[in-house]
Amino acid sequence: MLAFTSVIDLFRAAGWLMWPISLCSVATLAIVLERFWALRSRAIMPGDLVESIWQLHRHGDLTDARIAELRSGSALGRMLAAGLVNRAHSRDIMKESIQDTGRQVVAEMERYLDMLGTIASVAPLLGLLGTVIGMIDVFSVIMQAGVGDPRVLAGGISKALLTTAAGLSVAIPALLFHRYFNSRVTHLAIGMEEQSLRLVEIIKGEREPNEEGTPA
């Protein structure tokens, strides 16, 4: 309770710029949790999806209902379904339909990452602005009352620096998670592209199954 009271006191002492910095911290937490959930492997690229499609195709069970189920199951399934709908056409048409859907899927995987990057850039600036405003107040007091009591001066500078510390505390994790999620999206996009090309080659008979009867 004492620690909570101290945090409230520091928040009040730092001034009104703590409010936008706090909003940035809440938004960062919400985006990070949402992206962790949205970019989990099972929702994006299930490991055995191409093998399952190959088995359905081999047994003649690749119906429209199966493709619709595939489309709603995962991001990779959505891409593969776009190609399977056009499997009666040429290889190029099948690839183009997958690439068109792939661009939409990647854009959805990158959702909110620009906002996370913006927070990483803006939060320290808000903190710096709070410090500058605090320092202006400190020097105004010095001009009026002089520097008779150094403790008052030190206390004013300490309060002015609170917003910088708060801004950096928000910006550093936001930057780290922004880079992590960008890297994860790139990794997933490359994996989905590989799986999609693999499916096209299998469906068009340009790739042989291995000895287990699954696509190599």
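The side chains of Arg 198 and Glu 51 form a salt bridge, with N and O 2.8 Å apart. A salt bridge here is a side-chain nitrogen of Lys or Arg within 4 Å of a carboxyl oxygen of Asp or Glu. The structure is a predicted model, in which local features need pLDDT of at least 70, side-chain atom pairs count only at pLDDT 80 or more, and totals for chains, interfaces and linings use all residues. Residues are numbered from 1 along each chain as its sequence is written, and side-chain values use heavy atoms, with hydrogens and water left out.

**Salt bridges**

- The count by this rule is five salt bridges.
- Helices (H or I, at least four residues) are DSSP runs, numbered from the N terminus.
- Arg 198 is buried, with a relative accessible area of 12%.
- Buried means under 20% relative accessible area, exposed means over 50%, and partly exposed lies in between (1.4 Å probe, protein chains only).
- Arg 78 also forms a salt bridge, with Glu 108, and their closest N and O atoms are 2.9 Å apart.
- This pair too links distant parts of the chain, with Arg 78 in helix H6 and Glu 108 in helix H7, 30 residues apart.
- Arg 78 is partly exposed at 23% relative accessibility, and Glu 108 is partly exposed at 35%.
- Asp 100 and Arg 103 meet in a salt bridge of 2.5 Å, N to O.
- Both residues of that pair, Asp 100 and Arg 103, lie in helix H7, three residues apart, which is about one turn of the helix.
- Asp 100 is partly exposed at 41%, whereas Arg 103 is exposed at 55%.

**Nonpolar core**

- A nonpolar core is a set of buried Ala, Val, Leu, Ile, Met, Phe, Trp, Tyr and Cys residues joined through side-chain atoms within 4.5 Å.
- The largest such core has 44 residues, and Ile 53, Leu 80, Leu 84 and Met 192 touch the most other members.
- Helices that give two or more residues to this core include H2 (18–38), H4 (49–58), H6 (75–85) and H9 (150–203).
- Helix H9 gives the most to this core, with twelve residues.
- Leu 84 touches Ile 53, Leu 62, Ile 67, Leu 70, Met 94, Leu 199 and Ile 203, not counting residues up to four places away in sequence.
- Contact here means heavy atoms within 4.5 Å.
- In soluble globular proteins, nonpolar side chains tend to be buried together.
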